[in-house]
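Morning, everyone. I have one structure to walk through today. Let me put it on the screen.

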Amino acid sequence: MAASAAAPLPLSDIDAVLTAQLAVAWAGEDGEERRLGWWRSDLAAEFGGEDLFKRLLPRTWPWAVLQGAREAARLKDAELRQQDHDPDRILSLYHLGFEPDERIEERFQSLKRSGSSPREALPGLADAIEPAWNREHFLDWIHGQGRTETTATPVGRRLKEHPSASIEPLVRRLVAGLVPLPDTYPLPYVRNTG
């Protein structure tokens, strides 16, 4: 399983995970510039968090905006996973296991300190995040991740396919599991059997 693999995660996989996490976090925001409204945050709005972070963090504000949205998404993901009898066994977009999550966070902090903008450091973000919200564009990005079948459970949407041994294809299927886009975060997941 991806989350328990002993081999180190390639940077390309980590960057793909970060791109997916940040894109979904951005799209899931609610507030002045409502997008999907899955979490109560308004960090990427021009007169919301963006304005505040530009004043507080003039060099890293684009990262701070996305980091805050990602944290809001991670908290919603954790809240939904806690409804399961064994939440630690659930692998989701924002919970891929201790080691992968640590490596992903280390990479995020490294990119944030690099001096590059998020779109420069993670070019895939340009495919998912536009200056203005466009639901159809975001759906196109999700469809570009592939297709997956899910089954509804009390916790969320469980992927029917057996998880890949690699993290990047797993994350692509988790993103694909967001479709159809509901009014609340659907928590696509797989159960870690390892």
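Start with the largest nonpolar core. This is a predicted model, and in it that core has 50 residues. Which residues have the most contacts inside it? They are V24, W141 and Y185.

Where does the core come from? Helix 1 gives the most, with 10 residues. As background, nonpolar side chains tend to be buried together in soluble globular proteins.

Now take W141. Setting aside residues up to four places away in sequence, what does W141 touch? The list is A20, A23, V24, G124, D127, A128 and V175. Note V24 there: V24 and W141 are both among the residues with the most contacts inside the core.

Next, how helix 1 meets helix 3. Two packed helices are described by the angle between their axes and the distance between the axes. Here the angle is about 80 degrees, and the axes are 8 Å apart. An angle from 65 to 115 degrees counts as roughly perpendicular, so helix 1 and helix 3 are roughly perpendicular to each other. Who is at the meeting point? Helix 1 brings L18, Q21, L22, A25 and W26. Helix 3 brings W63, L66, A69, R70 and A73.

S92 sits in strand 1. Is S92 buried or exposed? Its relative accessibility is 0%. Buried means under 20%, so S92 counts as buried. The side chain of S92 has a partner: a polar contact of 2.6 Å joins it to the side chain of D77. Beyond its neighbours within four places in sequence, S92 is in contact with D77, R81, L174, L187, P188 and Y189.

Finally, zoom out. The protein has 8 helices and 4 strands. From the N terminus, the order is α-α-α-β-α-α-α-α-β-β-α-β. Of the 194 residues, 49% are buried. What about contacts along the chain? Take those with a separation of 6 or more: 64% of them are between residues 24 or more positions apart. The accessible surface comes to about 9600 Å². Carbon and sulfur atoms account for 51% of that surface.

That's my tour. Over to you.

Notes: Residues numbered from 1 in each chain as written. Predicted model: local features only at pLDDT ≥ 70, side-chain atom pairs only at ≥ 80, totals over all residues. Heavy atoms only, no water. Core = buried A, V, L, I, M, F, W, Y, C linked by side-chain atoms within 4.5 Å. Buried < 20%, exposed > 50% of the residue type's maximum accessible area, 1.4 Å probe, protein only. Helix = DSSP H or I, 4+ residues; strand = E, 2+ residues; numbered from the N terminus. Contact = heavy atoms within 4.5 Å. Polar contact = N/O pair within 3.5 Å; in protein donor to acceptor, adjacent residues only side chain to side chain. Areas by Shrake-Rupley, 256 points an atom, 1.4 Å probe, with all protein chains shown as cover. Axes fitted to C-alpha atoms, helices over the stretch in contact; angles between N-to-C directions. Parallel < 35°, antiparallel > 145°, perpendicular 65-115°, else oblique.
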